[in-house]
Amino acid sequence: MSEMKAPERLQARPAAASPAPAADLPLYADRQKVYPKAVRGPVRRVKWAVLALCLGLYYVVPWLRWDRGPGVPDQAVLVDIANARLFFLWIELWPQEIYFLAGALILGAIALFAVSSLFGRLWCGFTCPQTVWTDLFMWVERLIEGDRVERMRLDKAPWTAAKWARKTAKHAAWLAIAAATGGAWIMYFNDAPTVTREILTGTASARVYFFFGLFTTTTYVLAGWAREQVCTYMCPWPRFQAAMLDEHSLVVSYRAWRGEPRGKAKAQGVGDCVDCLACVQVCPTGIDIRDGQQLECIGCGLCIDACDQIMERLGRPKGLIAFETLSNLAASEAAVAGLPPGPERYARGMAARRPPRFIRPRTLVYAGMLSVVSLAMLAAFLLRETLGMTVIHDRAPTFVRLSDGGVRNGYTVKIANKTRETPMLALALEGPAGLRLAVPDAAGSDAAGRPLLAARPDGLAQYRVFVTAPPALRLAESTPIAFRLLDPRGRAVAREESVFLGPKP
Amino acid sequence: MPTKIEKDHITGTETTGHEWDGIKELNTPLPRWWLMVFYATIAFSVLWMILYPSLPIPGATGLTGWIAREAVTGEMQAHQARLEPMLARLRAATPEEIAADPELRAFALAGGRAAFANTCAGCHGAGGQGAPGGFPSLADDDWIWGGSLEAIRTTILHGIRNTEDEQTRQSQMPRFLADGLLSAAQVNDVAEYVLSLSGRATDQAAAARGAAIYAENCASCHGERGEGNRELGAPRLSDQVWLYGGDKASVVRSIAFSRGGVMPAWQGRLDPAVINMLAVYVHALGGGE
C-alpha cells in the first residue's frame, strides 16, 4: 500500500508548515458536487432488485388488509396513536408492551453488526433508506438531465429556457416522489385509504399535513440535495463501523498488488490499472476506492462493475476491484513481492488467497447474541398475558374502623383485557380465614359465592373492592393477602399480592 | 483604550486595538443577518408593548384590549358550558336516580371526588377518613344523622348546628357537670355505664350505679341500650366508633361539658348538581346505607 500514489485531493491541500499561512484556510470544506456515472453489471442488478423490494414493501405494506372483526382497524400494519395500539398482522400490542419494539431494534442492531463483520457495509450500500432513495433520485435525475457528462455540462451552461425546463422537471419529479414517501409514512399511523382520501380532498387534520410536509421535505432535501453528505457527516454508523470490521470481512477493495504501478493499457511494465477513473466516476460518494478503506465508502460496489467492464474490454481478468478481505490482500501482496507485472504475478497473487473465514469468534458472539435475544423475545411473546390485574390499596384511609369493631380495607382493582371478548371473571381472596370480600359493582356471583367481574373488551375495567375483618378476627397491623382472578373454568388467570392493614393489636 | 487599529496579516481582519501581553483581539462583528434578527426582536417587543398589557399602570391594557384574567374567565365559562347539559341532568335527578344511572353515576363519582377535595377534605380528610376531635369518618358504617343518599344530601345542604340555616341538623346535649345537673361522682358512674354498653367497663360497681343515672338522663335521646337516635342526632353509644375518643377520660369530658361540632350549610354556596354529586360520592366511600 505504501507505494500507492497519494490521492490528488490530499495533494491539493497547502502544506501545513508554510511560514505565511494563506488566507484560504477554510474551517469547512466546500462540497464538491458528485456526478455519478451510470453503470451496468451484476452488483448494479442486485442493487436495483434490493431497491425495488425495499420501496415496494414500503409503499405497499400500509395497503395490506387484515380482518380483525368489527370495530377494529383492518390495516395489517398500523401504529394507532390515538387508541394507543400497535397492530402487526395478528399481533396487537399495548403501549406497556413497547419492549417488543425495543427488542426488535436490538435485534436489528446486532444483525447489523453481524452482517458488517461478514460482508462490510452491506446495509449502507444496499438497503439503507438514504442509499435507496438517493439511488432512486439519481435515476430520475439521469432520465431528465442525462448522464454524468451531460449533467456537468448542463450545470455549467447559462440559464436558458431549456435548462430551466429540465431543472424544473427534475425537481417536480423529486418532489412527487418525496410526497409519495411522506404520504406513505403517514399511512403507517392512519388508515391508508381514509387518510389518502383526506389528504387529497384537503380534509385531513393539521397534524397529518404537518407530518406529511415534514417527511416530504426531509426526503427531498436528504435524497435530492444532501446525498453522500448524510453518510459522510451526519450518520454515526461510519464512525464506529471500524469496530465491527476485521481483516476477514469482505469489503470493497482495490487489489493494489495487481493494479500498481498504474499506466496506459499498451505501456510496458505496468500493472492492470489503466487509471481510467471509471471507478471514481461511478462512485455515489465521489471517492477513489484505490486509496483503500475509507470512511466515505458506503460499500455499494458500483466501482466493481465499472472496473470489470474496463477489464473485460481490455481482455484482462475481472476483479481488479472486488469484495475481498484485508487478509487476502495482504497475502497476495506478500506473494507477489518483487515480481514484475504480468500473468505470472497475477497467478501467484490469486493463488495466495484463502476462502474468507466466516466462522470466527466475533461472528460466533454475534450469532449467539442474536439467538439469545430472538429466543427471549419469542418466549416473552408466547408467555404474553392477555388478561392482567393490578390492585391498589387505598392510601387514605388505610383502614376503616367499623361500628361492630371490625376493620375494613378498600382496594381499587383494575382488570386489563387485551382480548376482544368480555369474560366474566370471579374474584377470589387468599388470606386468613374469616376475611370477607365485597364488590359493590359486581355483575353477580358465581356458584361459590365469589363476586363476578366483567372485563371490558380491549380495555381497562375498574372496581372498588372492600375486604372486611370481623371483630373476632385479630390480625396484625399488616397482613399479606392476595387476589386471584378465575376464569369460568376456575383457572387462575391473574394473581396479585396486596396487604390488609389494621390498628395495632 | 483602543490605540492601534491595524490589519491582522493572517486572517485579513482588523483588530480592535486591544492588546494584552502581545495577544491582540480581532474585530469580528456579528453577521448582518444576526444583527437584523436582533433588531427585529426589539421591534417585536415595542409592538408587543403597544398591543398587549405590559406596563404596570392600571388600565394600560394595550390596543387589543386583551387581558389574561378575562381569557381565563372565558375559558372557565366555556368549560362550564360544556358541562352544563350533564349538570342540568344532575340537578333534576335525586341522588337515588343518579346512583341508579351508570352514566350519571360515573360522572357524579368523578365530579364528587373533585368537589370533595375542594370543599370537604379539609375537615373530613382526603379519603373521608375523618380526623380526631369531632370530624367524623365518612367511610365507616356509623352515621349520626343517617347514611342514606337522601340523609347525606340533607346534611350537606343544611349543615350541622349552622346558625344561618333554619333546617340545619340541630341537637344540643346538656353540660351535665358544668351546669350542675350531675355531680362528678355521678358523671364517673354514668361514664362507666356507657363504656359497659360496648363491653369496656373497668369498674362494674360504678357501672351498675351509673345505669339508673343513664336511664333518667341519657336514655331519652341515646336509647335504653345506647342504640342512638338519628332523628335527634344522638350518637350510638354501644359501638366501637367514637367521634371524640372512646377512652374513659374522653367520655367523662363529653358528659361533663358536652360536645357540639358544626358543619357549614352548602346550599346556596354550591351548585345543587355538585351537592348531588357529593352525596353520591360520599355514599360510595364505603359506608353508604
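Reader: Where in chain B does UniProt place the feature "transmembrane region"?

Author: The unreviewed UniProt entry puts this feature at residues 33-52 of chain B; such positions are given in the numbering used here, feature names are shortened, and an annotation may be inferred rather than shown by experiment. Helices here are DSSP runs of H or I with at least four residues, strands are runs of E with at least two, and both are numbered from the N terminus. This is a predicted model, in which local features need a pLDDT of at least 70 and side-chain atom pairs count only at pLDDT 80 or more, while totals for chains, interfaces and linings use all residues. Residues are numbered from 1 along each chain as its sequence is written, and chains are lettered from A and ligands numbered from 1 in the order in which they are written.

Reader: How should I read the confidence, and where in chain B is it lowest and highest?

Author: The score called pLDDT is the predictor's confidence in each residue, on a scale from 0 to 100. Chain B has an average pLDDT of 91, with 99% of its residues scoring at least 70; within chain B, strand β1 (residues 15-20) has the lowest mean, 84, and helix α11 (residues 272-283) the highest, 96. For chain A the average is 89, and 94% of the residues score at least 70. Residues 1-21 of chain A stay under 50, and the model gives this stretch ten contacts beyond four places in sequence, where a contact means that two C-beta atoms, placed from the backbone, lie within 7 Å. For the complex, the predictor reports an ipTM of 0.78 and a pTM of 0.71.

Reader: How many residues of each chain take part in the contact between chain A and chain B?

Author: On the chain B side there are 16 residues, and they are in contact with 15 residues of chain A. Sorted by class, the chain B side holds four nonpolar, seven polar and five charged residues; Ala, Val, Leu, Ile, Met, Phe, Trp, Tyr, Cys and Pro count as nonpolar, Asp, Glu, Lys and Arg as charged, and the others, Gly among them, as polar.

Reader: Into which domains is each chain divided?

Author: Domain bounds come from an automatic or database domain assignment. In chain B, domain 1 covers 70-168 together with 263-283, and domain 2 covers 184-257. The C-alpha centres of these two domains of chain B lie 33 Å apart, and their contact takes ten residues from domain 1 and nine residues from domain 2. In chain A, domain 1 is 241-351 and domain 2 is 387-501, with 74 Å between their C-alpha centres.

Reader: Which strands of chain A pair with strand β13?

Author: Two strands pair if DSSP finds at least two bridges between them. Strand β8 (residues 407-417) of chain A runs antiparallel to β13 (residues 459-469) of chain A over eleven bridges, and V413(A) has Y463(A) as its bridge partner.

Reader: Why does A84(A) count as exposed?

Author: A residue is buried if 20 or more other C-beta atoms lie within 10 Å of its own, exposed if 12 or fewer, and partly exposed in between, with C-beta atoms placed from the backbone. A84(A) counts as exposed because it has 11 C-beta neighbours inside 10 Å, while R161(B), with 15 other C-beta atoms within 10 Å, is partly exposed. P73(A) is also partly exposed, because its count inside 10 Å is 17.

Reader: Where does P73(A) lie, and which residues does P73(A) touch?

Author: P73(A) is in the loop between α2 (42-60) and β1 (77-80) of chain A. Leaving aside residues up to four places away in sequence, P73(A) touches L78(A), D80(A), F87(A) and D191(A). P73(A) and D191(A) are 118 residues apart along the chain, yet their C-alpha atoms are separated by 7.6 Å.
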